[in-house]
Number of protein chains: 2
Amino acid sequence: MPAVSDRVVTQEASSISGMNKGLGLLERAAAPEEIARLGWNLLREDLSLPSAVLYAEKMRHNLDWMQRFITAYGVKLAPHGKTTMAPRLFQMQIDTGAWGITLATAQQTWAAATHGIRRVLMANELVGRENMSLIARLLEDPGFEFYCLVDSAELVRQLGAFFRARGQRLRVLLELGVAGGRAGVRDDAQMRAVLEALEEWKDSVALCGVELYEGVLSQESEIRAFLRRAVEVTRRLTAEKRFERTPAILSGAGSAWYDVVAEEFTGARLGEAVEIVLRPGCYLTHDVGSYREAQARILASNPIARQMSEGLVPALHIWAYVLSLPEAGKAILGMGKRDAAFDSGLPVPVLTYRPGDAGPQEAPAHWTVTKMMDQHAYLQIAEGDALRVGDMIGFDIAHPCLTFDKWRVLPIVDADYNVIDAVDTYF
Amino acid sequence: MPAVSDRVVTQEASSISGMNKGLGLLERAAAPEEIARLGWNLLREDLSLPSAVLYAEKMRHNLDWMQRFITAYGVKLAPHGKTTMAPRLFQMQIDTGAWGITLATAQQTWAAATHGIRRVLMANELVGRENMSLIARLLEDPGFEFYCLVDSAELVRQLGAFFRARGQRLRVLLELGVAGGRAGVRDDAQMRAVLEALEEWKDSVALCGVELYEGVLSQESEIRAFLRRAVEVTRRLTAEKRFERTPAILSGAGSAWYDVVAEEFTGARLGEAVEIVLRPGCYLTHDVGSYREAQARILASNPIARQMSEGLVPALHIWAYVLSLPEAGKAILGMGKRDAAFDSGLPVPVLTYRPGDAGPQEAPAHWTVTKMMDQHAYLQIAEGDALRVGDMIGFDIAHPCLTFDKWRVLPIVDADYNVIDAVDTYF
């Protein structure tokens, strides 16, 4: 059978509809390359705001920063693609040296594979007939490498039955978990049950490594203990010859604790028998919420990060218009819960621009978003601030994942706010 | 110039990509009619979960209920389309008797017009060059009827300059607001400034009515006072012959207070000179959050609603798999903040189904979603509950607007869970 990517991507590849928000007027769908040639400029008001704008140079900086960090530790990077779900950004990550792309669901994997991603770590349990069907279809292409997680004997049985019936073999990692956390085996008894089921379904489910997500914990000491447990399990299962892959995979790390995971996993000196794969996803655009806090800790405490130049920088802004200044001290913005994450801090105004002016100014530090509705935000300003209906404001955001998923296309701009590319998303 | 709908819709109409979540495996894009012919059934696991599923009969009930309510009051319905942003649902609303569709942005208007919607009330200020360009392009079609809001002299000036330069005339409504609220003129001085600007730009900006959004208030007495102010302003401006449309439009009503708006506006007996337009949007799928509460109040207190049969019913479920049962009393679900609204109540489990069983069962009342992450939910259950990895759970949701915008396509099922149609969205 031809690979899915051969069959589908040619038909559907990155055809950006003119009905998307955040672009200029397009009377018909256009490829990103066509959009890049239209000569749009954010400051010339060529975009219909609100728009989620990516800064090319800042993304480049972040891509390079993380890859240098990963390389310094001698580990592998499989950035979590659920953050952006933008295959064109996945390709930039692969081109910068990523080992593969991490994803969370069968549909995300399908969308990535359709766009040519060849190695996916699905850091989640694969459950349900049609989800398994999507993966089985992708596995018909022998060049497509795929891993997902198991944490129960029941799931191993369901996967085993499904893939055995198709004469296929699914590669899995054993997920470890902690009490009070998300999925993952909590203790040795649960682990033994999963290992027994794996033994039974060996022909169709191949254990290839160990996985955890430390981000369900918040204390560094707990996280280090959890990581050491994963190292210990990996050692034990290696000794027991449980893994069907050499090297076995040991994978952890969200966007907040990747430094600690790198330290612990490399510090364990597992050698050639184990390949360490880290999965931060938010570094590409960064944020000014919890990931900025995490980055401050990393820059202060991690010996490798300390030696590197400037850390990660925010590379995504939501730009919106002032719609109304209805009372003293308040502006109403054309940006809402449909446009930016609001679950771990509201957007932060950083730039302000009046069309026709030479360039944006820094937004006053006292401007604060106090409320968001579906399509509007309330901005608290001071009486007498020079703000007018039609002024544009650029906002930093907190939580890239829940910002990206509100946009089907994001323009990429250069330092002069020219639109030089656009990426489409597949949420 | 040809209408945008003639030029665009034929090319792009409702081609549903196989890369969307919540569908079955599609190797290439398909029209909704093709999807309806695939014979998919939710309970046979033909869909990749999570999926947002619309129930055809329940939507039909809600469509009819609201239209009967509106007709009983002798007013007009312009359902807020921002809720679903699904032009196929807009068309159902129009076919059931809606006067037009309400929208919140120029891009939403563009998407609706492209799909053949001919009358749009944009219940928002139109700000920014490219947003104005989108509307100007649509107005080249004389059959497209469009209204948006103004609440400042500055905005009237900007709109006037833009549309005068194009030899076009934009129809606007005066937005009234309240202290502490969103946009809208607060007092007579602000209103006079807007009216003066309207006088100056009369050739390119035509005042056609008065608008408010009472949902920024929460007390019925305040809401009634605000509505009476709108009636009084409408009377005054009619007497002053300020309106360029006969009848003038008087519009209010979100999904929580439409009964009170209908009562106050019709009770004012404004006669033939005024057309009353209400804008609830959430009635189509309803919810089990704030709109269920609002509906309970309406059914208890509104004389027309009291006479009608069963009120609005929830017509949208998120279906998700149990991925893991990692510890006593906890299930991990494959549904997260990317799949359902979480800002005004978490999803509520209502149905549970084990593939192969005859049909879904009611979910036990003690099951509760306690936490949502990007792609997962934690479900609190009781020890010993008969739940297994691979079981499907159907969830009611709170806040349809922030649920719809997480889906690019939603299957519509009949009472036997057969997929009989699908609607695509344009967020």
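Let me start with how α6(A) and α7(A) lie against each other in this predicted model: helix α6, residues 129-139 of chain A, packs against helix α7, residues 153-165 of chain A, at an angle of about 50°, and their axes are 11 Å apart. The crossing in which α6(A) passes α7(A) is right-handed.

If you look at the side of α6(A) that takes part, the contact is made by A:R129, A:M132, A:S133, A:I135, A:A136 and A:L139, and these meet A:Q158, A:L159, A:F162 and A:F163 of α7(A). Sorted by class, this contact has 7 nonpolar, 2 polar and 1 charged residues.

Now to the second pair. Helix α3, which covers residues 56-73 of chain A, and helix α10, which covers residues 258-267 of chain A, pack at an angle of about 20°, with their axes 10 Å apart. Because that angle falls under the 35 degrees cut-off, α3(A) and α10(A) are described as roughly parallel to each other.

Which residues make the contact between α3(A) and α10(A)? From α3(A) they are A:W65, A:M66, A:F69 and A:Y73, and from α10(A) they are A:Y258, A:D259, A:A262, A:E263 and A:T266. By class, the contact of α3(A) with α10(A) comes to 6 nonpolar, 1 polar and 2 charged residues.

Note on methods. Residues are numbered from 1 along each chain as its sequence is written. Chains are lettered from A and ligands numbered from 1 in the order in which they are written. This is a predicted model: local features need pLDDT of at least 70, side-chain atom pairs count only at pLDDT 80 or more; totals for chains, interfaces and linings use all residues. Side-chain values use heavy atoms; hydrogens and water are left out. Axes are lines fitted to C-alpha atoms, for helices over the stretch in contact, and angles run from 0 to 180 degrees between N-to-C directions. Helices (H or I, at least four residues) and strands (E, at least two) are DSSP runs, numbered from the N terminus. A crossing is left-handed if the near helix is turned anticlockwise from the far one by less than a right angle, and right-handed if clockwise. Contact means heavy atoms within 4.5 Å. Ala, Val, Leu, Ile, Met, Phe, Trp, Tyr, Cys and Pro count as nonpolar, Asp, Glu, Lys and Arg as charged, and the others, Gly among them, as polar. Angles under 35 degrees count as roughly parallel, over 145 as roughly antiparallel, 65 to 115 as roughly perpendicular and the rest as oblique.
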